[in-house]
Each structure stands twice: as structure tokens, then as C-alpha cells.
Amino acid sequence: MAQAFVPFVDPNTQDDLKSSLGRIGPLLVDADALSSVNLPPQTDAIILTSSSLSVDEAIKLLDDGAAQLVVQPSLAKELIGTVPSERLLLLLDISAVSSVSDKLRDGTSGVYLKTPGTPELDLLTSFRKFFPSDKQIYVTPPPNSALPTASLIRELSRASSTLVIPASQLTLSATSQDALNVSEAFLAPLTSDRPDGLFPTIVSSYTHSGKSLGLVYSSAESIKESIVTGKGVYQSRKHGIWRKGETSGAVQEVVSIRADCDWDTLEFQVIQHGTGFCHLGSTSCFGGVEGLAKLEATLQSRLQTAPEGSYTKRLFNDPGLLRSKLREEADELASAQTREEIAFEAADLLYFALTRCVAAGVSLADIGVSLDKKAKKISRRKGDAKPQYATTSNIPATSAPRSESAPAPPAPATTLTSGPIKMRTADITTTSPSERAKLLQRPVLRSAEMIAKVKPIIDQVRSQGDAAIKELTAKFDKAKLEEVVLRAPFPQEQMVLPENVKDAVDRAYKNIYAFHAAQAEKETLVVETMPGVTCSRFARPIARVGLYVPGGTAILPSTALMLGIPAQVAGCREIVLAVPPRPDGSVSPEVLYCAHLVGATTVLKAGGAQAIAAMAYGTESVPKVDKIFGPGNQWVTAAKMAVQNDTDALVSIDMPAGPSEVLVVTDSTGNPSFVAADLLSQAEHGIDSQVVLVTVNVTSEHLAAIEREVDAQANALPRVDIVRQSVAKSLIVKTTS
């Protein structure tokens, strides 16, 4: 978007002048005067800050909606890295240009340049050597400078620079010795390659997310009238000035007028009233609206015309029904697995959400304004769910990269659903072959997609080592690490457990150790396959092993024992145990105590793909391992597959684990309580878990007893929110043999 000039408004600027200026670009305002300047709606503000402004004050200005801040170099250095570069302009005297560092140049979108007098074109051209062409340059002469001219604006635009003009030197009246006409200033850089001097003008709809309504032409006269009146006024090639809707009633409110980068084409963004833009009565000359805009129009019509008793009318008239449908559809979207399912459920949710909006008089444009305000915020909320919706369940493959301890955005809690926790049921004797094929479908890990997603994480750890682990852990786990690892012996005060928990862990350790110790090969197998030829088989421990212990949705000391004890029995020289840290950067005492029992030499306080990469390649603190073991979510699994296939890593893995599943077979002698417990032991692992119960000649009463047990036991679990979703996708198969 090209800007002819930027007006510097103040508390004395008249409202009608501010409105006209707001239609043709952003307004510049001093931070100290901001509270006294009433800016027009839908206007971008560039805030000129003082040297006393703090970092927190600067961020608050951006949070409150400022499009950009003009800041001193000292403040810019503190803001860069926190504030996107497009939100910062560097305040400079022209004499200080050569001293600008690469950090300041790259971390800002341009400069606000103070010149000692009327800007000189040669000076600005040489200045451009220090700033790339994509950087904005705003040029401000000293106070009380001579009145700028249209010629000066035109020359500066050709040098890719924009003049700052005090609003006191601008007027909606004719240009005088005291003030320049706003429209003349806007028109100054415009050029037309048409014999008639007109400018092609794209008209787009503000209320329909910028959809093109039609192509028209503008003249200097029509542009001036639109800037002043805020109405859609164009130039007919046959009939002269064309005031849109003057006879039809289909008038337009102009939200913005912008020139393109070549200064030869305009875009008018408008709010269209009446039957539409096209003379045929349609919204656009390119046909009607589609998607959400079409749905909005349909719902707005049905609000007025839907017959009593119809479903749509019930939704509009019964807030309780609409609230229930919104919650139902939100839950179904959170539970959806495939791309097709997610798109289908999202469409349903959007329908009911837009119904709620239309009923309250809220438009898509209103939602867009709210989204734009949110997008301008620099400060971010922690992002946790409200207590009544809080859950620790993961969302599968299409979610953003999170480590195990910082799972994907939470699915709705049980407060969003009602009814018993129940599996689907199919009778194999009445099921067609095609239906059976669908029943056999499992949750699928899209390996190629996931590996592509984890590769940037792996590459970052390889190149940046410990620094990357700290950064990624802060990003995904919201935990700030002082040290990446703990070395054995581990601090006793970090392994303090309740006595009953410690006793349970000790007992489990002895049982698991006894089982694995019995499997250890104590003698070499020697076979003489033929006279003089002897073949032997013997076991040697892997020197360095990495054990991944998930921690995103539950603390799993059992996994630490089941991975660590075989390594201990085998005699592995180095055992690196990786586990996502808690929010304070510490490791759960249960897992750390297990690490102590199994003889771990290092505990890596990281999860997700970054932990796998650290063990595969090694860092300053993390020893490189020869083989990685352990389960994890799809990010962990994809990372394990990626490093296994990289010959630079020279690391192997146990296996690429998929979603948890179990098949339980029972007949009429099966104890309903035991059957339910076996099913739920896997169903609680994650929302993508799948459990299957095959019943053989089981009566309907016995099956009902099992279903009651599943519901009762599930509701007693701390992880009931996960179970509710996984059980809903699981299956009971009824058979007779």
C-alpha cells in the first residue's frame, strides 16, 4: 500500500478533517496527546513516543491498538525480539543514519527521519543506501517549516519516502498560503496512463472481508468528493460524476481509499447498502458472496422470515437450545480426527456460532474488527482453559507442535457433554463387508506430515544445542530452565515422596527387576554347525541409551521403571532419561526417584521432539546416545523416526509407537468390573486411543452391566475428560462364536 503523506494530528484537529484523513491512511499522533485526540473508527494510528517511555508502556500502547510506534533507538533495542518488526519505526536524526546497527535495521519496519529543513531529494536517495527498499521512510521537517507542496510530496514518493505533514497545514477547503488541500496532497503522486486521465478503481466490500464488488473509474474530482463526504463517488466514462446509490438507494460508506504500489490504481473499501453493488441487483458484479458471507446473509434473512416452529426459528428464539448446540458442536470438533471430520464439524460449529451472532446483531465485520484488535496485542495471556473446561488431553496430528508436557490446545471437558460414557456397538452377524472395513479403521499417524513438522525443531537443536532446548522448552512447556540436565547423584531433596508412594515404587522396582534379571543371558550360546566351524551368540549391553518418559498428560514413573530396569540389568554404561519439566523447571520427584533406582546417569529436563533430537545428536550438556527407547505423542514418534533415518545421527530406536489400543475378548463368564478396567487402562492414555471389546454369546443384560461399569469407572478417573473422547470412538463387537 502506497501512502502519499502521513498527517500529524493533535487535539486541535477538527473531527471532519480527521475523518477525511482517516479514510486515506494512518494518522500520526503524539503519545502524550493520545488521550485528547479522538481518532475515527477503523483508523490505524502511528504513535510518536518520547524518550521517557518504558518497555511496558510501549507494549501497552500496542496492546491498545496502535498500528506502529515511533521509538528512540535505545527503546527499540529493548523491544526488538518481543515486538514484531512491522510494528516499530526508528526515530532518527538524518545525521545519525550511518550509525544504525544491523539489529536496529532488521528489527524495525523503517525510520521516522527528522531533517534540518525541507527534505532534499539527493539526500534521501543517498539515505536509501542504508535501508532496503522494503523499509518505510517517513520524513518530517522541523516545526514551523514552510507549507509543503504537492510537488514535494510527488518527489518524495518517487524516492520511496513519505512526508509527514502537521494537520494544522492541511484543509478540506481550497489550498491557501496557510494550508494544503487534503485531496490535492493525496492526488499528488497519482499518475494515469489513460488518455482520459482516469484511474482504474477496485471497489471491495469491508463487510465481506475485502471481496471485490466491481471495477470502476475515478477522477480527481470524484476522489476529492469521496474523501470529504465519505460516500462512494466515481467517474462514469459516459455520464460524468457518478454518486453511487443516488437514485437506487444502494449507497456506499467509504471506509478507506488506498493507492497501489505503482500509484496508478485505487482501491475503495466500502460498506455497501441496499440491494448490492451491481446494477443487476447482486452483491457483486462478479456474482454473489460465498462461504461465511453467504451463510450470514442467509441467516439474516431467516431471522426475519423463518416460519414459526422451524428449526432455524427455534434456534433464534430458544437461547438454551442454541447454547446446547454450540457446546455439542464444540465437543464434536475437538474430538474429530481426520481432515474431513474436522472440516465437517467446524462447519457445523460455525453455523451455530454465526446464528448466535446474527441473533444478537453481530456481523462478520464486527468479528473481523475484534480479531484485528486481538492480532495487534503484544502481551499474551497464559492461555489456560477456564477451570470448568480445563483438561490435559492432547489433540492429534493437526495440532501445533507441543512437547509431551505442553499438549495441544485442550479439548472441552465433560461439562460440554452429557449422558453416559459409552462405546459404539456393532453386531458382526448383521454387518456388511464394507461396514466391517470401516470398523477396522484405526487412528492413523501421517508420518510424512509429522516428520516435516518436527524437522525444524530437530534442526534447531542440532545447530543451537542447549540454547535451543531452553528456548523450545519455554515455548512449548512454559518452563524456564536454568540448567538443561541433572547429573547423578540426584539431589535427595528433589526425590522426597510420601511413604506409601515410595513403598509402591520400591515394590514395583523389585518385581520388574526380578522379571528382567531372569531373562538376562548368563552364558554364551555355542553351536558347532559342522566340524571345525563354531557359531556363537552372546549379548552385550548398548553403551549409551536414551529413555523417553512422557509427562504431558500424566506423571509416569511406571514408564521410567519399565525402560530403565532393562537398561540397568543389561549393564548399559550411560542411561539418559528425558522427561518434560514441570512449570517451575523441576522434574517430578516420582520420576526422579525412579531415575535414581535404575541408575540413570543424566536426566534431561525436556520433552517432545527437542528431547529426542538432543539425545540423538548430543549437545553441550546432553550426552549423545546410541539407541532411543520409550513412548510419546505423535511429535515424539515422528522425531524418533526422523533421527533414525538420518545417517549423521547414528542412532536407532525401539519402534515408532502409535496410539494406544487394546482388544478385550469376553464371554458370559467375564466379570464386568474387570472387563471395564482392562478397557479403560488403555482408553485413558489419550483421546486418540482406541479400545475394542469382542463379546461372545453375551446376553444383553451382561453387556449392559459391562457398559455401566465402563461409565462408572470412567467417571471416577482423574483423566475422565480424555476417556470420554477415546471411549466414544471405541467399539463393542458382538459375536456368537
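What percentage of the 737 residues in the protein chain do buried residues make up? In this predicted model, buried residues (under 20% relative accessible area, with exposed meaning over 50% and partly exposed in between, for a 1.4 Å probe and protein chains only) make up 46% of the 737 residues.

**View 1. The loop that holds Ser 192.** Ser 192 is found in the loop that runs between helix 7 (182-187) and strand 11 (199-205), where helices (H or I, at least four residues) and strands (E, at least two) are DSSP runs numbered from the N terminus. Ser 192 counts as partly exposed because its relative accessibility is 31%.

**View 2. The surroundings of Ser 192.** Once neighbours within four places in sequence are set aside, Ser 192 is in contact (heavy atoms within 4.5 Å) with Gly 197, Leu 198 and Phe 199. A polar atom of the Ser 192 side chain lies 2.6 Å from the backbone oxygen of Leu 198, and a polar atom of that side chain also lies 3.2 Å from the backbone nitrogen of Arg 194.

**View 3. Ser 192 and Ser 463.** These two residues are 271 residues apart along the chain, and their C-alpha atoms are separated by 52 Å.

**Notes to the views.** Residues are numbered from 1 along each chain as its sequence is written, and side-chain values use heavy atoms, with hydrogens and water left out. Because this is a predicted model, local features need pLDDT of at least 70 and side-chain atom pairs count only at pLDDT 80 or more, while totals for chains, interfaces and linings use all residues.

Definitions and conventions:
Polar contact = N/O pair within 3.5 Å; in protein donor to acceptor, adjacent residues only side chain to side chain.
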